[in-house]
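Student: Could you take me closely through one part of this model, the packing of its nonpolar and aromatic side chains, and then turn to any charged side chain that deserves a careful look?

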Amino acid sequence: MTIHGKTMLALCALVVGSSSVMAGRAFATDNTVYPATECRFYGPNADDTYFDPNGMGANGLHNNGGAAKYAVCPIVRKVFDSRTGVATLFEEASIQISGGTTCMLYIRPWDGGGADILSNDGTYNYADGNHKNLKFFTGDEVTRDIPPGASAAFYCLVPNGGAIYSYKTSEGKKP
Amino acid sequence: MKAWHALILFAGVALGLMLAPRASVPARATDHDAEDMTSRETDVAASAHAASPKQDLATNAALAKILERLDRLEAQRDESGAARAATAHREADRPEASLLDGAVSRRLHTAMFERALAAEPRDSAWARQTETEINEVLRSDELAAGNKVTRMECKKTLCKLEIEHATQAAADLLPMSLPMSLTSMGSAWYVQNDEHGQLSSLFYFARKGTQLPQMPREELAAAAQP
């Protein structure tokens, strides 16, 4: 074996070691539940509305302000691979609301041009009296590809007395 | 096997063992690794050299060759590193290195929705009802000012809507208010255009209970290829 061959042997050992470690980096689904205090009312006099002090002040957003208000609940995306550009998907996106609140899910590309404006079709909603769980996708039937770099947020219309308690996303790698 | 052969083999194996645990460092750290490798290989060779009191001239010559080769590798690394740095700088101008160009994506999506709409038969009752609802919503106080419908077409599960805007504020309000106001429509895709100084929006709405078409992944992947 030549000196060059031995140098290559050492480099090969390095490459093999790197590959095995890199291959072990799983691309797992990320399940995240957000308290609705992440959400914020927008629009005129939005600051006049405050978090509900009666039991869910730390976790929910309650419109006590008289008129209906729009709220934005940002979703922090944690699972995507910017190096390969592989799109991920939402296996689930849901938001827990009450009092006639309605929400849509906005997914906007990194350059701000255009957007997916997604509504839930009602199929997988769960309602318990005044409280409702709006589910936008399910893992086994409908998923939505999310381009790398796109941002996502719920956009809700919260009537007076309405509330947002929490929201949840499950984002994973494409099969 | 000559003594220096064993020496070099030992140095190579030791180098491999030393560097393997560092493989979890991201690929971007390769330059540093190469630098470490260079110094460590030299150190290992030098310490082995010092530990052997009976080294001969051939070993010295071999070590000299190794050092020359390392010098050449370092020079090559510096050149390729500079090239990579230049490329990385250009890539860093974009938020995501391998992202599909936004304009291309919008063109592909528009073409996909056009094909889907063209392929649909018209459900006259639903289409008429939905077009009426869209017109009513657009005549509401909130949306009437600054918006003018230039085209509206509903088929069986999809509607296309083109609207010209007098102001940016009117254009920005529409995608936030219109989808939530349409009871017969579900999800939507929209894009805002500013061609020839005329601000406009293009919407495709899916009928409530139906899914908005998704761009085939293969088509997006193909378009993303450099």
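Tutor: A residue is called buried here when its relative accessible area is under 20%, and since the model is a predicted one, what follows describes computed geometry. By that cut-off Tyr190(B), with a relative accessible area of 4%, is buried, and Phe203(B), at 0%, is buried as well. The rings of Tyr190(B) and Phe203(B) form a stacked aromatic pair, with 5.3 Å from centre to centre and 20° between the planes. This pair links distant parts of the chain, for Tyr190(B) belongs to strand S3 of chain B and Phe203(B) to strand S4 of chain B, 13 residues apart.

Over all chains, the count of aromatic pairs comes to ten. Another of them joins Trp189(B) and Tyr204(B), and this pair is tilted, with 6.4 Å between the centres and 35° between the planes. Because Trp189(B) lies in strand S3 of chain B and Tyr204(B) in strand S4 of chain B, the pair ties together parts that are 15 residues apart in sequence. Trp189(B) counts as buried at 5% relative accessibility, and Tyr204(B) counts as buried at 0%. In chain A, Tyr34(A), Phe136(A), Phe154(A) and Tyr167(A) form one aromatic cluster.

The largest nonpolar core holds 39 residues, of which Ile75(A), Ile95(A), Leu105(A), Phe136(A), Phe154(A), Ile164(A) and Tyr167(A) touch the most other members. Two or more residues each come from strands S4 (69-75), S5 (88-98), S6 (102-108), S11 (151-158) and S12 (163-173) of chain A, and likewise from helix H4 (102-119), strand S3 (185-195) and strand S4 (198-207) of chain B. Apart from this core lies another, of 24 residues, which includes Ala127(B), Cys159(B), Ala188(B) and Phe205(B). In soluble globular proteins, nonpolar side chains tend to be buried together.

Lys155(B) is buried yet has no salt bridge, and the nearest side chain of opposite charge, that of Glu153(B), is 4.2 Å away. A polar atom of the Lys155(B) side chain does, however, lie 2.8 Å from the backbone oxygen of Leu117(B). Leaving aside neighbours within four places in sequence, Lys155(B) is in contact with Leu117(B), Ala118(B), Glu120(B), Pro121(B), Arg122(B), Asp123(B), Trp126(B) and Ala127(B), and Ala127(B) is among the members of the 24-residue core.

Definitions and conventions. Residues numbered from 1 in each chain as written. Chains lettered and ligands numbered in written order. Predicted model: local features only at pLDDT ≥ 70, side-chain atom pairs only at ≥ 80, totals over all residues. Heavy atoms only, no water. Core = buried A, V, L, I, M, F, W, Y, C linked by side-chain atoms within 4.5 Å. Buried < 20%, exposed > 50% of the residue type's maximum accessible area, 1.4 Å probe, protein only. Helix = DSSP H or I, 4+ residues; strand = E, 2+ residues; numbered from the N terminus. Lys, Arg positive; Asp, Glu negative; His and termini not counted. Salt bridge = Lys/Arg side-chain N within 4 Å of Asp/Glu carboxyl O. Polar contact = N/O pair within 3.5 Å; in protein donor to acceptor, adjacent residues only side chain to side chain. Contact = heavy atoms within 4.5 Å. Phe/Tyr/Trp six-rings, centres within 6.5 Å; stacked < 30°, edge-to-face > 60°.
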